[in-house]
Amino acid sequence: MKVVVVGAGYAGAFAANRVAKRVKGAEVTVVNERPEFVERIRLHQQVAGTAVAATPLTSMLRAGIVSRTGTVERIGDGAVILDDGESIGFDHLFLAVGSTVRPLPGTVPVGTWEGAVRARAALAALAAGSTVTVVGGGATGIETATEVAGARPDLRVRLVAAAVADCLSGRARQRVLAALDRLGVDVVEDGVAEAAVGAVRLRSGREVPSDLTLWAIVAGVPELAARSGLEVDAGGRVVVDEFLRSVSDPRIFAIGDCAAVPGARFGCQTAAPQAGAAVDALARLAEGRAPEPYALHYVARCVSLGGKDAVAQFTQRDDTLRDSHIKGRTAVLFKKIVYTGTKYGTRKAVGA
Ligand SMILES: Cc1cc2nc3c(=O)[nH]c(=O)nc-3n(C[C@H](O)[C@H](O)[C@H](O)COP(=O)(O)OP(=O)(O)OC[C@H]3O[C@@H](n4cnc5c(N)ncnc54)[C@H](O)[C@@H]3O)c2cc1C
C-alpha cells in the first residue's frame with residue numbers, strides 16, 4: 001500500500017510514523033516544504049532567541065520512511081503533484097498541511113518557521129530602547145510578547161489586540177494580564193490598520209512608534225485542498241467524516257489544523273490525536289475491521305508567560321474551560337512536559 005503524507009508538522013510526522021509502525025507493508029513517503037521538523041509551539045522562543053524550534057526531519061521519522069522536500073501544488077486522482085512537476089502516486093493520503101498566517105504588509109509573522117527566523121534576526125538587531133509591537137491577543141501573541149519582554153528587558157514591548165487572553169477565563173485570564181503588566185508589556189486594546197517603518201497606525205487612528213512589528217495571529221489554512229477540488233468549509237478546511245476521511249475522496253484523510261472537525265481548535269493537542277485516530281482507522285480498514293470514530297479529547301489550554309511563568313487552565317474533553325488552573329513554576333513544568341512530550345510522542349507515534 002502506497003501512503004503519502006503531505007506536511008510534516010505534528011500531525012503529519014505522527015501519522016507517517018504511526019503508519020510505518022501499524023500498517024503492514026505500507027510504503028510511506030512524506031512531502032514537506034522544508035527538511036526540518038518545526039516545533040511550532042516553540043516559535044515564540046525561536047523569535048526571542050531563547051530556543052531553536054527546528055530539528056532535522058529525518059531524525060523525527062522512523063527508518064524506511066522516504067522524506068521528500070518540496071511543496072505539493074495539487075492533489076489529483078490518486079497522485080500528488082509537486083512544485084517541480086514530479087508526481088507521486090498514493091493509495092492513501094494524509095493531508096496535514098497545518099494552518100497559515102496572513103500578515104499585514106510591513107509586519108513579520110511569527111507563526112511560520114520562515115517568519116520566526118526573520119523575526120529573530122530583526123529582533124537581535126534592535127538597539128536598546130527600541131519598540132516592538134506584537135499584534136494578536138491570543139496564545140501566540142501573549143507568548144511572543146512575554147517571551148520577548150523576558151529575554152530583552154532593554155526593549156519596549158507593546159501588545160495590540162481587540163481582546164487579550166479571551167481563550168482563558170476567570171482567574172487564569174487575570175493571571176495572564178497580571179504577567180503582561182509585571183513584564184512591562186504595554187497592552188493596547190485596538191487593532192493595527194497599517195504598519196510602516198518606525199510606526200504603526202491603529203484602527204482608532206492613533207499612530208504609535210514601532211521599530212519592529214510582529215504579526216502573531218494564525219488564521220486560515222493553505223489553499224491546497226480547495227485548489228484540488230476537495231470539499232472545504234468556509235475557512236478552507238477539509239470537510240471530513242467521523243473517521244477523518246475527506247467526504248470528497250475517502251482515500252484521503254485530513255488531520256490537524258487543516259481538517260474541519262466540529263469543536264476542534266488549532267493545536268498540537270488536536271494534531272497528534274487526530275493523526276493517531278486516522279491511522280488507526282486506516283489500519284483497521286486494511287485488516288477488514290470496522291474503524292473507530294475520532295473523538296475530541298482535550299486536557300488544558302496552556303500559555304507560557306516569558307519562560308519563568310505560565311498558566312494552564314484545564315478543560316473538559318470537548319475543550320470547554322473548567323474553573324481549575326495551575327500557574328507559576330508548576331505550569332512552567334507542565335508546559336515543558338507539553339514541549340518534550342509532544343516531540344517525543346510525534347517521533348514514537350504514541351500518546352494519542
Ligand atoms: C507560537 C505558537 C505557539 C503555540 N502553542 C501551542 C500550544 O501551547 N498548544 C497547542 O496545542 N498548540 C499551540 N500552537 C498551535 C500549534 O502549533 C498548531 O496547531 C500545530 O502546529 C498544528 O499542527 P499541524 O501538524 O496541523 O500543522 P503544522 O505544525 O503547521 O505543520 C504543517 C506542515 O505542513 C507543511 N506544508 C504546508 N503546506 C504544504 C504543502 N503544500 N506541501 C508540503 N508541505 C506543506 C508546513 O510547512 C508544515 O511543515 C501554537 C502555535 C504557535 C504559532
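How many Å apart do the C-alpha centres of domain 1 and domain 2 lie? I looked this up before anything else, keeping in mind that the model is predicted. The two centres lie 33 Å apart.

**Entry: domains**

I then checked where the bounds fall. Domain 1 is put together from 2-33, 70-100 and 220-296, while domain 2 runs over 108-218.

**Entry: aromatic pairs**

I noted two of them here.

My notes start with Tyr10 and Phe37, whose ring centres are 5.6 Å apart. Their planes stand at 90 degrees, and the pair is edge-to-face. What does this pair tie together? Tyr10 belongs to helix α1 (residues 10-22) and Phe37 to strand β3 (residues 36-38), so the contact links parts 27 residues apart in sequence.

Next I turned to Phe94 and Phe253. Their centres are 5.0 Å apart and their planes meet at 10 degrees, so I wrote this pair down as stacked. The cut-off behind that word is an angle under 30 degrees. Phe94 sits in strand β9 (residues 92-95) and Phe253 in strand β19 (residues 252-254), so this pair ties together parts that are 159 residues apart in sequence. Both Phe94 and Phe253 are buried.

**Entry: a charge over a ring**

Which residue lies over the face of Tyr339? I found Arg42 there, at 4.7 Å from the ring centre.

**Entry: the second largest pocket**

I also had a look at the second largest pocket, which holds about 360 Å³ of space. I counted 20 lining residues, and those closest to the pocket centre are Glu147, Gly306, Gly307, Lys308 and Asp309.

Which elements give two or more residues to this lining? They are α4 (139-151) and α8 (328-348). I marked α8 as the element that gives the most, with 4 residues.

Last, I sorted the lining of this pocket by residue type. My tally reads 7 nonpolar, 6 polar and 7 charged.

Note on methods
Residues numbered from 1 in each chain as written. Predicted model: local features only at pLDDT ≥ 70, side-chain atom pairs only at ≥ 80, totals over all residues. Heavy atoms only, no water. Domains from an automatic or database assignment. 1 Å grid on protein atoms, 1.4 Å probe; cavity = no way out; pocket = protein on both sides within 12 Å on 5 of 7 lines; lining within 4 Å. Points joined across faces, edges and corners; volume = space filled by probe spheres on them. Nonpolar A, V, L, I, M, F, W, Y, C, P; charged D, E, K, R; others polar. Phe/Tyr/Trp six-rings, centres within 6.5 Å; stacked < 30°, edge-to-face > 60°. Buried < 20%, exposed > 50% of the residue type's maximum accessible area, 1.4 Å probe, protein only. Lys NZ or Arg CZ within 6 Å of the ring centre and 35° of its normal.
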